[in-house]
Amino acid sequence: METETTEKIQTLMEKDLIKVLLVEDDTVDSQLVKRVLASCSQPVEFTVELAESLSEAIKCIGNTEYNIVLLDLRLPDSSGIDTVRKVRKVNPRLPIVVLTGLDDEETGLLAIKNGATDYLVKGQSLENLLVRTILYALEREKEKKLILDTNRRLQETSQELFMAKKKLEEKAKALQEAHAKLELRVEERTTELSKANELLKKENTNRKQAEEALQASEANLRKVIVTSPDGIVIVNREGIVQFVNPAAESLFAYKAEELVGELFGFPVMGGEVIEVDIVNHGGGPGIAEMRVVETEWNGQNAYMALLRDITERKCAKEQIEHAAKEWRTTFDSITDMISIHDKNFKITRVNKALADAFKKEPKELIGKICYELFHGTKQPCPNCPHMWSLKTQKPATLELFEPRLGIHLGISTSPIFDENGEAMSSVHIAKDITERKLAEEKLKEANEKLKEYNQLKDEFVSTASHELRTPLSVIMGAIRLVLDEIPGKIVEEQREVLSLAKENVQRLSRIVDSLLSISKIESGRLELQKVIINICDLIRSTVSDYQPLAQEKGVHLDCEVPKEGVNICLDPDRIEEVLINLISNSIKFTTKGGWVKVSCREQEGEVLVSVQDSGVGIAKEDLPKLFDKFTQFGRKAGPGEKGTGLGLAIVKKLVQMHGGRIEVESQVNEGTTFTVSLPSTTELEAEDLLAETDELVENTLADN
Amino acid sequence: MNKKKILIVDDEKDVLFILEKELPTRGYSVIAADNGKDAMVLAKTKHPDLIILDLEMPDTYGGDVTRMLSEDPETKDLPVMFLTGMFPKEEEGKGGRMVAGHVLFAKPYDIEELVTAIRDLLQAEKTLVE
């Protein structure tokens, strides 16, 4: 280390003379310093200036450039650390070596902290240390300066570098921006280009389409001309044919090449329409309508003749005329009076029959108001069917008597619809229905009379039976009295004769009763008193009533009904009457040893009651008339009551009144089965009826 | 035991003739009237046990007689039976038909049924009185 320092000191000394400012008020000390420096063995030369106070020192520093200051801290005008600060203030760069007392090393260290470069303790081998300290201080100052310079340069370089970097960044940014702009421009340009390209394509397509359209249009035009059903001929001013289309070829029956270049032969004048002879498509003579217009052909004025075959149209016109005539004839041939009326009741058309009825010509009636003409009134009829038809758009009818003509008219009107589907007028057909009307009236009268007669008959039957009853009752009583021998004893033969009389009186009574019964049913005066009952009970009780009669006749009478019973809604008195009739009939027509069976079953919504016997049976031809009134056949009845001829008629009617029906099957000598079918009573109906009955009972109870 | 007395009212004398003969053979005594007025008088003076009425008579309708009887305190409890030719036998039912509380019999009557009905009616009356 030492050798290194020495080398450095040597370099210093070779080059420099060291100017020292010694700030020291102690002369001993200053002399010592001067001496030490003067006797320096080092190859450096010191010049020492002395300042004895701080103010003097500051003055010296201001005037002269020193290499180093040796500063005593105890001066007459300053002391301590403050002295260092003050000197530093004057020259911040000047190296300061503080000279301190022997016992004051701390002050030295403090001085260094406050800007001193180094310190020396006075009297402590000052001679050895002084020079070295000075040289070190100088060297340190020099290095410090170097460091500072280097630092400064470094800072400057760093600054420059920073600036350069900044500039670089700016440039990069600018470059980037420029790049982005460029890209944008490129993109814009690309878009423009592709647009232009598309436009070009489109234009191309358009042009192509236009060309195609033009071609198509030309083709179409050609097609139009070629396929035109009208003949087209171009003729020049000289009347020479220039062009002929296929329609024209066939109209004239010549080929185009045969016609072109030839004289047309028909007068051609612009705007004129004439009829020309042609060959029609059938090959026969025809007529064409020719229309000429002026045109151009190959740049020259020319005429175009348009020819239309009107042969058919001419025919059609004739046909229409014929049809119209035919229609008119037909219209006038109808004997009904027909007219057509508009919505203002004005007559627009009439047929001959109508005109004849008014002894006028048809045209004289047209324009007249219908109600004024037909009915002689100032107002439409109150129930005018014409008005009704227009209002409802539907046909209407009315029958009325026309006093001025003395006839009954049946009028029917039907709306006539215009092209908008609105009925603006109607066709009014009046028919003389006097005869029918009279016939109807007669029929009505006859019907009324018939009704009256029927009622009279009912009344008669009813009254007659009333009137018959009392005498019957007397005759019966009288016979009974005699038979009971009240007036006196009778012999057996008399009894037999009287018994015959008695039987027939009884029979007569039954006939009277049946007559009254059937008359009541037929006139609808009989009302059913329906209740819900178990029909099986009714059958059982009726059968048991007839057991004695059956036993008497030797007929086995049996009853076969479901145990659980069948509830049904009916009038028990009437159904009992039915059962009595059927059972007594069967017993009557069954011979000894035979049987009669009454059964009941429910089947498909019906209750079937059958009365079957093994009796004589009924001939097939008699079956259809079986239920008619007063029909008695040759069924050979055994002894007992004779029939009235009304029983089955009453039975049928009573069953029908219940909504049922009766059927019969029979085989001669084998037996007969009567089957009565009555509609079942559903639970719902039964409930309703029960509720009704309950209500009735309640009301009756409440009333009482 | 006293015979029950029955008043028969009918404008047909023949009917009366027969019943006057028939009913006594069945143990009843009979009085008769051929019109409504006489019937009222007899009903009040002779105190019959039962009355058999014809419904249709020239001077009075049977129903009116019933009304008059029921309105009179002396006769209001007298049982009434109708004997009429006004409805068919079929409608009568067994042993007569009850109409407004009265037994209805159709002509021509069966004497046995009539007598049964008379007996029943009198029996019912007796029960009612007791």
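## Close-up views of a predicted two-chain model

**View 1. Strand β4 of chain B sits well inside.** Strand β4 (residues 80-84) of chain B has 4 of its 5 residues buried, so the rest of the structure largely encloses it. Keep in mind for this view and the others that the model is predicted. Which strand is joined to β4(B) by 3 bridges? That is strand β3 (residues 50-53) of chain B, and the two run parallel. To find the pairing in the picture, look for Leu53(B): its bridge partner in β4(B) is Phe82(B).

**View 2. Chain B as a whole, with its 4 helices and 6 strands**. Of the 130 residues in chain B, 38% are buried. Now take the contacts in chain B between residues at least 6 apart in sequence: 55% of these join residues at least 24 apart.

**View 3. Chain B meets chain A.** The contact is made by 17 residues from chain B and 19 residues from chain A. Which element gives the largest share of chain B's side? Helix α1 (residues 13-25) of chain B does, with 6 residues. Sorted by class, the side of chain B that touches chain A holds 7 nonpolar, 7 charged and 3 polar residues.

**View 4. The largest nonpolar core has 42 residues**. As background, nonpolar side chains in soluble globular proteins tend to be buried together. In this core, the residues that touch the most other members are Ile535(A), Ile539(A), Val578(A), Ile583(A), Cys600(A) and Val651(A). Several elements of chain A give two or more residues to the core, among them α15 (492-522), α17 (572-588), β21 (595-603) and β24 (671-679). The biggest giver is α16(A), with 7 residues. Zoom in on Val651(A): setting aside neighbours within four places in sequence, Val651(A) is in contact with Val578(A), Asn581(A), Leu582(A) and Ile662(A). There is also a second, separate core of 35 residues, which includes Phe46(A), Ala111(A), Leu130(A) and Ala137(A).

**View 5. Val233(A), a residue of strand β8 (residues 231-236) of chain A**. Is Val233(A) buried or exposed? Val233(A) has 27 C-beta neighbours inside 10 Å, so it counts as buried. Not counting residues up to four places away in sequence, Val233(A) touches Val241(A), Val244(A), Ala248(A), Phe264(A), Ala305(A) and Leu307(A). Take Phe264(A) from that list: Val233(A) and Phe264(A) are 31 residues apart along the chain, and their C-alpha atoms are separated by 8.8 Å.

**View 6. Two faces of helix α13 (residues 385-392) of chain A.** The buried residues of α13(A) are Pro385(A), His386(A), Ser389(A) and Leu390(A). Why are they on the same side of α13(A)? Because they cover an arc of only 140 degrees around the axis. Turned away from that buried side is the face with the exposed residues Lys391(A) and Thr392(A). The buried residues pack against β13 (337-342), α12 (370-375), β15 (396-402), β16 (407-417) and β17 (423-432) of chain A. After the helix comes Gln393(A), which has a positive phi, near 60 degrees.

**View 7. An open antiparallel sheet of 5 strands in chain A**. Read across the sheet, the strand order is β14-β13-β17-β16-β15. At the edges are β14 (347-350) and β15 of chain A, and each pairs on one side only. From one strand to the next, the twist averages 25 degrees. β13(A) and β14(A) pair over 3 bridges in the antiparallel sense, and Ile340(A) stands opposite Arg349(A) in β14(A).

**View 8. An open parallel sheet, also with 5 strands, in chain A**. Its order is β2-β1-β3-β6-β7. The edge strands are β2 (45-51) and β7 (118-121) of chain A; each has a single partner strand, so one side of each has no neighbour in the sheet. The twist averages 25 degrees from one strand to the next. Inside this view, strand β3 (residues 68-72) and strand β6 (residues 96-100) of chain A are paired in parallel over 4 bridges, with Val69(A) opposite Ile96(A) in β6(A). Helices lie across strands here too. Helix α2 (residues 27-38) of chain A lies across β1 (17-23), β2 and β3 of chain A, at about 165 degrees to β2(A). Helix α3 (residues 54-63) of chain A lies across β1 and β2 of chain A, at about 155 degrees to β1(A).

Methods. Residues numbered from 1 in each chain as written. Chains lettered and ligands numbered in written order. Predicted model: local features only at pLDDT ≥ 70, side-chain atom pairs only at ≥ 80, totals over all residues. Buried ≥ 20, exposed ≤ 12 C-beta atoms within 10 Å, placed from the backbone. Pairing = 2+ DSSP bridges. Contact = placed C-beta atoms within 7 Å. Nonpolar A, V, L, I, M, F, W, Y, C, P; charged D, E, K, R; others polar. Core = buried A, V, L, I, M, F, W, Y, C linked by C-beta atoms within 7 Å. Arc of directions from axis to C-beta. Axes fitted to C-alpha atoms, helices over the stretch in contact; angles between N-to-C directions.
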